[in-house]
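Good morning, colleagues. Please keep the sequence and the model in view while I speak.

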Amino acid sequence: MTRVAVRAWLEERLDLEAASHLLEAKVVPRHRYSVFYYLGGMALFLFAIQLGTGLLLLLYYEPGVSTAHESVKRISGEIPFGWLVRSIHRWSADIFIGVVVLHMLSAFLMKAYRRPRELTWLTGVAAFGIALGFGFSGYLLPWDEIAFFATSVGTAVAGAVPFVGQAMLQLLRGGDDVTGSTLARFFALHVVVLPFGALVVLALHLLQVQKHGMSVPPGVEESGRPRPFFPDFLLRDLVGWTLALALLAALAALLPAELGPKADPFASAPAGIKPEWYFYAPFQQLKWIPSYVGPFEGEAVGAVGFGLLGLLLALVPFLDRRAGRGERSPAFSAAGVVVFLYLVALTWYAWLH
Amino acid sequence: MFWEAEFLFHSGQEVRAMEVGVPGRRAFLDRLLGLSSVGTLLAIVYPVLHFVFPRSRPKGRARGAVLAGHASELPPGSGHVFPLGTQPAILVHTPDGQWRAFSARCTHLSCTVRYNQEMGLLHCPCHDGRFDLTGKNVGGPPPRPLPEHSVVLKGDEVYVAESEVG
Amino acid sequence: MVRLASLIAFAALLLVHHEAAAEPGKDSCVGCHDDPLEEAGADVHRAAGLSCVDCHGGDSSAEEPERAMDPRKGFIAKPKAGAVARLCGGCHSDIERMRVINPRLPTDQLAQYRTSQHGKRAFEGNQRVATCVSCHGNHGVRHVLDPASPASKGRIVETCSGCHNPEYMKGASIPTDQLAKYTASVHGQRRLKERDPGAPACSDCHGNHGAAPPGVYAVTHVCGKCHATQAELFEASSHGEHFREAGVPPCTTCHNHHDVLATSDEMLGTGRRGACAMCHEPGDRCDLATIRMRQGIDKLTASLEATTASLVRAERLGMDVERPTYDLAAGSEAVVRARVAIHSFSEPEFQKIIAEGTEVAREVDMAAQAKLGEYRYRRQGLAIASGMLLLFAALLAMKARQIERK
């Protein structure tokens, strides 16, 4: 069968023409800041890497208190290239979250959230939350000492939220403490619930992007004709993706993922337990809040505070009135940058100590 | 996704063929690119295939248990020290025909205990510690009994579980 | 008038009588003395059905002190020294009686006590030495397995040093520093700090009822109860004979007795902490042997350390080092065995064990290097894969540029 015949067969059934027309029409504006457009695709690529390596790990990982740690050990030590798959999964998770943060920051500074792209921003914030959920739930799965205690501390913070805190803690832990029940539900979360949620949210996000096209920051001049997505921009995307893959392979081979001793719920927590780096900012902030702020518990204040911050993040399109009108709003950008730099400073501080 | 890209890419090329100069160099680049993409694909597929298709499992490693020895080589009233993970363990075929296994790390100062036929006990040579065939510390300095591991016989093969009993 | 007075007197007497009258079933003693057994809590004698008069004699039904505490009724107030032992021994040495009451108890305590330093002096009239009640208590006697008993494993050191301390034993002919030395010793640390009942305390070496310092040659038997291998090797060694001839006690000469401190390889030889220096000259035949032995063990411990470090590195890099770690344990065991073998005072024996350990360390080190080699193999694989990927990326970039130049 010739290529043309195959194409015609598919065309009759799938209406490929419409799709390829859309793709051929898709263009990417060119201006001073257009390099940041690569970040979205990079995040998507890294997410695909997570799906791929995650699926491979699923072939050998066995959830459960008596098998989780052992199966991860087997993957790292016995299964051919198991070390590679696991280390890539681990590194890609970190880099993925970093890229997502940068993608959000660039969208924020470029005001890509302004009308009519509010839903794109909202689904993006939801996707960020899902990404953090992936990170938090995945961290526990090897069931080693650090993972166990980091999860205890993390879920305890959730429990500090007033009114709903205890219910949230019970829901997350599957009981009062971190046990095999916690592992079971974190596994379900990581492998079924969050991927399903990510699918829905990402589909909406990408559909919105296709519908509205790429946004240009207000007041920025375009330098030349927009570049076609196919094949120009995609080729460039591919270059970045290939380099990212090379980086992941290098990190996996030179700095492989470690596995600490198996979690022992009866042992005391080792000194200096810290969560993953993307939770350093709230972690450090909580350390600095006094145990009582007025009549309220410090932990509750911290938890609610960060919750509010998340809410503000989601509401950015509705808070930035001037951008909504198509005007420049440098004050709003500056405010956002200040908050971002503060979070970076918190993260940096926590990393050093 | 990749073959689609190549597919559409080639069709796009047909349109631009007339616009780009030096067809020889373009064809050379395309050829190199084609080879390189095959090479990259192989570099990805090779480890994935080896990962997905399991090698035959090294013998003696049933789920959570280790092959400790063969019943035909251990008559009643004998013991055999073997590795269980990173620690020594001892498999005992008691005089009355039972199979038992214990951690062989003496609970006093971690020397390896041995089965002593004369005494009918597990004996630690470092400070004369003694354990009976239920693991209980019955003589000398050891302060605690030896942890026990369950034993499973599969034909002539004797397996000992990695997890402790109780 | 007289009749009224005598009536009143009679009534008064009745009243007094009523208060002082013993309750049915209880000794009259408690009427005046607060019940010391009640205050003490548990007491094995009371639980066995004994009462005040079973030890103290007298008449328990009588209310007046003169009749109740009548020496003619066998009353003993506070027995002195040797009399205590005879009193307790009156029952506890009576085999027929004790078999009925508690067949598990020994009945040789009095006989042993008579041979002990405490017993000898007590029967000479010394009021300050230990008697039965000094260690077991008088009222509130508990079984020695009961942790509250002063004679229990957890409290015996406290009990013995209740007398054997510099204040009480001032001017005595024996040392008074036992507790200080013992607390600093490895046995003391294990028993007192870590509460390990397996570690020896006073009575484990000195005996309890027949307490006496072990005779010079009994020391090996005492220490050898736990340290059997060392004792056996020593007895059979050249030094065993020399020590016997010279009348020098084994074990304690190099290791002390109350202050048995942690051993170290430095004790071997005539160096600063060398135990051999007590009899040997630096440079003599034996000293040269110990120098070689020191070298052997130092080299072995160093290579074991290096191999362990390699294994740790390999593990951190994600390799499975389970089997080599297990195998290396045989090397650490060789070090322990070598140190025990020092007591055979035979250099060939010692070096044989060192050679075994060195072989283990060498083999495991090879395995560790192989694991690290695996890591290097990965790096080579990485170099190839990276090269491939970077080439691909470069070609893609060139293609992208080419397409742009339309």
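This is a predicted model: local features need pLDDT of at least 70, side-chain atom pairs count only at pLDDT 80 or more; totals for chains, interfaces and linings use all residues.

Residues are numbered from 1 along each chain as its sequence is written, chains are lettered from A and ligands numbered from 1 in the order in which they are written, and side-chain values use heavy atoms, with hydrogens and water left out.

A nonpolar core here is a set of buried Ala, Val, Leu, Ile, Met, Phe, Trp, Tyr and Cys residues joined through side-chain atoms within 4.5 Å; buried means under 20% relative accessible area, with a 1.4 Å probe and protein chains only. The largest such core has 54 residues, and A:Met42, A:Phe45, A:Leu46, A:Phe96 and C:Leu396 touch the most other members. Helices, which are DSSP runs of H or I with at least four residues, are numbered from the N terminus. Among those supplying at least two residues of this core are α3 (38–58) of chain A and α22 (347–404) of chain C, while α10(A) gives the most, 15 residues. Another core, of 25 residues, lies apart from it and includes C:Phe350 and C:Val360.

Turning to the glutamine, C:Gln230 lies in helix α17 of chain C. Why does C:Gln230 count as buried? Because its relative accessibility is 13%. Leaving aside residues up to four places away in sequence, C:Gln230 touches B:Cys126, C:Val340 and C:His343, contact being heavy atoms within 4.5 Å.

Note on methods. Buried means under 20% relative accessible area, exposed over 50%, partly exposed in between (1.4 Å probe, protein chains only).
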